[in-house]
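User: Please go through the salt bridges and one of the pockets of this protein, with the cut-offs stated.

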Amino acid sequence: MDLVERQYETFPYPARDPAEEADRLIEGSPSHPVEIDHFLFGGQRDWTQPFKALVAGGGTGDGLIMLAQRLADIGCPAEITYLDRSEAARAIAEARAKARGLTIDFRTGDLLEAASLGRFDYIDCCGVLHHLADPDAGFAALANAMAEGGGMGLMVYAPHGRTGVYPLQRAFGQLFADDPPKDQVALARHALGALPATNWFQRNDFVGDHKDGDAGLYDLLLHARDRPYRVEELAASLNRAGLAIVSMVEPARYDPVRYLPPGEPYARKLAAMDRVARWQVAEDLAGNIKTHVAYVAAKDRADTAEARPTQAQSVPHLRGATAQALSRHVANHGQVRVTLDGLEFLIPLGQDSARLIAAINGRRPLGITAEAMGLDWMTFQARWAPIHRGLAGFNLLHYSRGARR
C-alpha cells in the first residue's frame with residue numbers, strides 16, 4: 001500500500017457522517033445538473049433521456065451524492081458509477097447513498113482504469129488528478145472514458161491561494177514521514193502552534209481545511225503527493241489529452257481587467273493575448289485562487305458547448321438567491337456585491353434589470369419573457385446582456401431547459 005492509499009484508508013476525505021444526509025444536501029461546483037447542462041450541453045439537453053456519469057476518485061461522496069440526488073429529483077434515467085481506490089471512503093459514500101435511497105454502481109479501483117467501465121456522458125473528477133504519480137496519464141484515461149459529445153467537470157489545486165502549504169508539506173514530510181498517520185497528525189497539530197509569525201502559512205487566510213478535523217489537516221499539510229496547477233499548466237495537460245477548457249468557474253475571476261487600472265495600454269496588451277494567457281495573468285494578479293474548477297470537453301466542441309443567451313429557448317436559472325430577493329436588491333442598489341476568498345467584486349446590473357430578474361423562475365424561456373414584457377428580441381437582448389455578463393461571470397446564472405435547482 002503506497003502512502004497516498006494509506007492516507008485515505010486511515011482518513012477518508014472529506015470527513016462525513018452519513019446520518020447527516022437527513023438534514024442537508026452538500027452542493028457546489030462542478031456537477032450540479034443545471035451547470036452540466038449550461039457548460040457542456042448548450043442548456044438544451046433532454047433530461048428525460050438516459051445519462052451515464054462517472055465520479056472518478058469520488059472520495060466520501062460530496063459530488064456523487066449531489067449529482068445523484070439532483071438527477072433523481074428531475075426523474076432522469078441516470079446510470080452513475082463511483083470509482084475510488086479507498087475502501088474506507090467508498091464505505092462512507094455508500095452509506096450516504098443508502099440513506100437517500102440512491103442507486104449508484106460502486107467500484108473500488110484505479111482512475112487509470114476508467115475506460116474499462118464504459119463511456120460516459122459526464123465525468124466528475126475533483127481533487128484527484130493533482131495527487132496522481134502521473135497526472136497526465138489520469139487526464140488521458142478520463143478522456144478515453146468520455147463518450148462522444150460528453151464532457152467533464154474537474155477541480156485541481158492552484159498554487160497562489162495555497163501559499164505556505166507546500167513548504168509545510170515538505171518540512172512535515174521530512175520530520176514525520178516515518179510515523180504512523182495518526183501520530184503525524186498529532187505532531188503536525190502541535191508544530192502548527194509553534195510556527196513563527198513569519199511563516200507564510202500563518203499569513204494565509206484562504207485555506208482552513210486543517211481546522212476541520214484530522215482528515216482535513218492530513219490532506220492539506222501531510223499529503224505525500226500533491227502538486228498544484230497554474231491555469232496555463234492545467235490547459236496544457238488537458239490539451240495533451242485531446243481536451244480543452246469550456247469555461248473556468250467563476251469565469252469573471254479569470255478576467256485580468258478586474259485587477260488592472262482602466263486604460264488603453266492595458267486593454268491593448270490583453271487584446272493581443274489568447275484566453276489562456278489572459279487567465280494566467282488574472283491568476284497571477286489576483287493571488288488568492290486556491291483551486292481551479294473547470295468544465296472541459298473535446299477540443300473540437302469546447303468553443304460551442306456552453307449555453308448562450310442569444311437563444312430564445314434558453315431557460316435561465318439563478319444560483320444562490322431567489323429571483324424575488326435579487327430583484328428587490330437590484331431595484332434598490334443597481335448592483336450586487338460578491339466576496340470570494342477575501343476579494344470583493346461589484347457587479348453592476350442597473351436598476352432597470354430588476355424587472356427582468358424577477359421573471360426568472362427556472363421554467364420560462366427568454367423568448368417568452370421578452371414577449372410577456374412587450375419587448376422585441378433585439379431590445380430584450382440588449383437589456384438582458386448586463387444580467388448575463390454580470391451574473392454568469394460569477395457562476396450565479398445558468399441556462400437549462402430540463403434541469404432545475
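This is a predicted model: local features need pLDDT of at least 70, side-chain atom pairs count only at pLDDT 80 or more; totals for chains, interfaces and linings use all residues.

Analyst: Residues are numbered from 1 along each chain as its sequence is written, and side-chain values use heavy atoms, with hydrogens and water left out.

User: How many salt bridges does the count come to?

Analyst: A salt bridge is a side-chain nitrogen of Lys or Arg within 4 Å of a carboxyl oxygen of Asp or Glu. By this rule the count is 25.

User: Which helix holds both Glu264 and Arg268?

Analyst: The side chains of Glu264 and Arg268 meet in a salt bridge with an N to O distance of 2.5 Å. Helices are DSSP runs of H or I with at least four residues, and strands are runs of E with at least two, numbered from the N terminus. Glu264 and Arg268 are separated by about one helical turn because they lie four residues apart in helix α11.

User: Are Glu250 and Arg253 buried or exposed?

Analyst: Glu250 and Arg253 form a salt bridge, with 3.6 Å between the closest N and O atoms. By relative accessible area, both residues are buried.

User: Which residues are closest to the centre of the second largest pocket?

Analyst: On a 1 Å grid over the protein atoms alone, a pocket is an open set of points where a 1.4 Å probe fits, with protein on both sides within 12 Å along at least five of seven lines, and lining residues have an atom within 4 Å of a point. The second largest pocket holds about 540 Å³ of space. Of its 23 lining residues, the closest to the centre are Ser247, Pro251, Ala252, Trp279 and Gly393.

User: Which elements each supply at least two residues of the lining of the second largest pocket?

Analyst: The lining of this pocket draws on helices and a strand. The elements that each supply at least two residues are α2 (33–40), β6 (243–249), α12 (275–286) and α16 (377–392).

Conventions. Buried means under 20% relative accessible area, exposed over 50%, partly exposed in between (1.4 Å probe, protein chains only). Grid points are joined across faces, edges and corners, and a volume is the space filled by probe spheres set on the points.
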